[in-house]
Amino acid sequence: MRFSKILTLALAVFTLGSASAQLKLNGAGATFPYVIYSKWFDVYSKQNGVQFNYQSIGSGGGIKQITEGTVDFGASDGPMSDAQLKEVKEKQGSAVLHIPTVMGAVVVTYNQPAAGKDLHLTPEVLAKIYLGQIRYWNDPAIKAVNPDKNLPNQAILVAHRSDGSGTTSIFTDYLNKVSKTWSLNVGKGTSVNWPAGLGGKGNEGVAGLVKQSEGAIGYVELAYAVKNNLSYAVLQNKAGAFVEASFESVSAAAAGAIKNMPEDLRVSITDADGKNSYPISGFTWLLIYKNMKDKAKEQEIVKFLTWAMGEGQSYAKDLYYAPLPKEVITLCEKKIASIGTK
Amino acid sequence: MLTLHSDRESIDIKQAGGDGNSVPPAVVSATKSMKSEKSRRSVVNIGDRIFRSTTWFFAFVVFALVFLMAYEMLKGSQLSIEKFGFKFLTGTTWDPVADNYGALPFIFGTVVSSLLALLLALPLSVGVAIFLAELAPRWIERPMSFMVELLAAIPSIVYGLWGVFVLVPWLRTSVEPKLLAISDTFPLFKGAPYGFGMLAAGIILAIMILPIISSISRDVLSAIPDTQREAALALGATRWEATKIILSDGRSGILGATLLGLGRAVGETMAVTMVIGNRPEISASLLDPGYSMASVIANEFAEATTALYTSSLIEIALILFCVTIVLNAAARLIVWSVTKKFKTA
């Protein structure tokens, strides 16, 4: 008898629990913002009882899934192309909105004891290193911006990501903007046909290559570099100033790009204007259907996004992401308000 | 392998029979009568019939899986097959930005790293197998076979980490500079000592396939009847000469083991990705970085954005699939032929 009572009680609790948390939002996409998204989903679902299921399968996967309609929202480190947006519209009967959530940056890390902690690089030098045109540390072009350093006659080992990644996307987008030779021969994308260097899998793969080989240079996410205490280069931005990557200089890049921000917020903010802007910065976006079939889910997503623009932003810095500047949040809120309208 | 083990047991039985030269007639007649009784009952008994059709079904499922997989990959790679045709196999550019794909550097990387692994692993494995099957006393043989098989159980990511943190730095600081010092014009050893590259991949793979080749070879050698050894020794052969005879008896079995090892090397992904350098380039030098088919799929599939990109990666998977199937089929055939030879003998 007692056993059956306990069973009934347990059953009642179980059904009650599942009734209050019946709404479940499925998402998939970028791995870069996974840490802050899981924090957001965790905090938000405790406050509001909505469940999230986010698979960090990569930006490409996120775009594919939102195109096929297998998820309620996607996430990507690179904006969708016009052709991709058209395809979703045809298949799902709804436009897709890009909502920036947080920002990240890509830093150039190096292993050159003679360069100390503050190697200076100009866009031209960086592009030439990755093109394989500058091969030695004592190249006059590097020496010119690092006059106080005694750089050796040592070969530069270039390291890049071997896996397709949003980090590569931002980095090559930057090189594409600052170097004509690069844009003609290589281009930008999540994977490119690298003219030089070795590939490592993931941030840890590139960092491993760099750490192990003296004379190496590579690019990793700012968050990864900060967490692992890697030294990274000070880059010259569009305004000509040498800027160190930090949450402030990344947010400044978004603010600097606000003038040229297109209405749909699909924008690259690499090589942004502004004296304090760090040049290799980028947004990461949530991909949201403008008109969802399930109106209850749509409302929940609007509520969540509004929360993410407010309280959500306060979690960014602790998790090594740069929060959105106020100007961008205003634009995002306008976008969020348009969800559900025709 | 199972059949080989049971073979060894049957040899033991023969020896227990005391004769050593021929199978005692009692054993033969016993197995014969068991067989005929089994076949008679399976016709009569309904339970047996159900059992038989169920196992038939399971066997068919395996076939269906292989064919479905091949079909799906063929379907998935349709786009790239239509666009590039045969040129996909000979193209050397891999440019996701321009949507232009050629698989040759990856095929080259897979083939070269696997062959290099075989070259390093084969003499070592056969040596281990000879020692374990012919020379080692029991108290060494048991723990040593166990250790060899333990190597096969280590996950490949662990090999990869070991490669990155131990093997690669050692190659870069100790081995490769020496190779370059001996001759920097010899085409196999040219370029910069990165540590990462074809040589590192080959060595990692060699360690990974060693347990497969050596444990199967040991089983093959043990399957050879002791009468062969005894006959050789009786004719006045030395231990070495007797071993040579045993080796030549088991050579097709060892070849089968080698092909199974090669199959493993061809399909290995993680450990190779971590040390090969991931540069799609064809170079004669073993010190230069390369790329392999399995690695490029693992690396790029998640972020492959265009349809043609995905399709090209699937076509690489298809090529890899074909190579592995052919290698495995060849290995099975050879192992089968050698065991059959000794069963009838």
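**Domains and interfaces in a predicted model**

The C-alpha centres of domain 1 of chain A and domain 2 of chain A lie 32 Å apart, the domain bounds being those of an automatic or database domain assignment. This is a predicted model, in which local features need pLDDT of at least 70 and side-chain atom pairs count only at pLDDT 80 or more, while totals for chains, interfaces and linings use all residues. Residues are numbered from 1 along each chain as its sequence is written, chains are lettered from A and ligands numbered from 1 in the order in which they are written, and side-chain values use heavy atoms, with hydrogens and water left out.

**The two domains of chain A**

- Domain 1 of chain A is made of residues 2–103 together with 284–337, whereas domain 2 of chain A covers 105–259.
- Where the two domains of chain A meet, twelve residues of domain 1 are in contact with twelve residues of domain 2, contact meaning heavy atoms within 4.5 Å.
- Between domain 1 and domain 2 of chain A an area of about 1,200 Å² is buried, and carbon and sulfur atoms give 76% of it; buried area is the accessible area (1.4 Å probe) that two parts lose on being put together, summed over both.
- Within domain 1 of chain A, the residues that lose the most area to domain 2 are Phe32(A), Met103(A) and Tyr320(A), which together account for 43% of what that side buries.
- The rule finds one salt bridge across this interface between domain 1 and domain 2 of chain A, a salt bridge being a side-chain nitrogen of Lys or Arg within 4 Å of a carboxyl oxygen of Asp or Glu.
- Lys317(A) and Glu248(A) form a salt bridge in which the closest N and O atoms are 3.6 Å apart.
- On the side of domain 1 of chain A that touches domain 2, the largest share, three residues, comes from helix H13 (residues 326–337) of chain A; helices (H or I, at least four residues) and strands (E, at least two) are DSSP runs, numbered from the N terminus.
- That side of domain 1 of chain A divides into nine nonpolar, no polar and three charged residues, where Ala, Val, Leu, Ile, Met, Phe, Trp, Tyr, Cys and Pro count as nonpolar, Asp, Glu, Lys and Arg as charged, and the others, Gly among them, as polar.

**Where chain A meets chain B**

- Chain A and chain B each bring 29 residues to their contact, and they bury about 2,100 Å² between them, with 49% of it on carbon and sulfur atoms.
- Across the interface of chain A and chain B the rule finds zero salt bridges, but it does find 15 residue pairs in polar contact, both at pLDDT 80 or more.
- A polar contact is a pair of N or O atoms within 3.5 Å; within protein, one must be able to donate a hydrogen and the other to accept it, and residues adjacent in sequence count only if both atoms are side-chain atoms.
- Helix H3 (59–68), strand S6 (157–161), strand S7 (198–200) and helix H9 (202–212) of chain A each supply at least two residues of the side that touches chain B, and H3(A) gives the most, with four residues.
- The residues of the side of chain A that touches chain B divide into six nonpolar, 19 polar and four charged.

**Salt bridges within the chains**

- Side chains of opposite charge can pair when their charged atoms come close.
- Over all chains, the structure holds 23 salt bridges.
- In one of them, the side chains of Asp118(A) and Lys149(A) meet at 3.2 Å, N to O.
- Asp118(A) lies in the loop between strand S4 (96–111) and strand S5 (120–121) of chain A, and Lys149(A) in the loop between helix H6 (140–145) and S6 of chain A, so the pair ties together parts that are 31 residues apart in sequence.
- Asp118(A) is partly exposed, with a relative accessible area of 34%, whereas Lys149(A), at 11% relative accessibility, counts as buried; buried means under 20% relative accessible area, exposed over 50%, and partly exposed in between (1.4 Å probe, protein chains only).
- Arg266(A) and Asp264(A) also meet in a salt bridge through their side chains (2.9 Å, N to O).
- Glu68(A), Glu87(A) and Lys91(A) are linked in a network of salt bridges.
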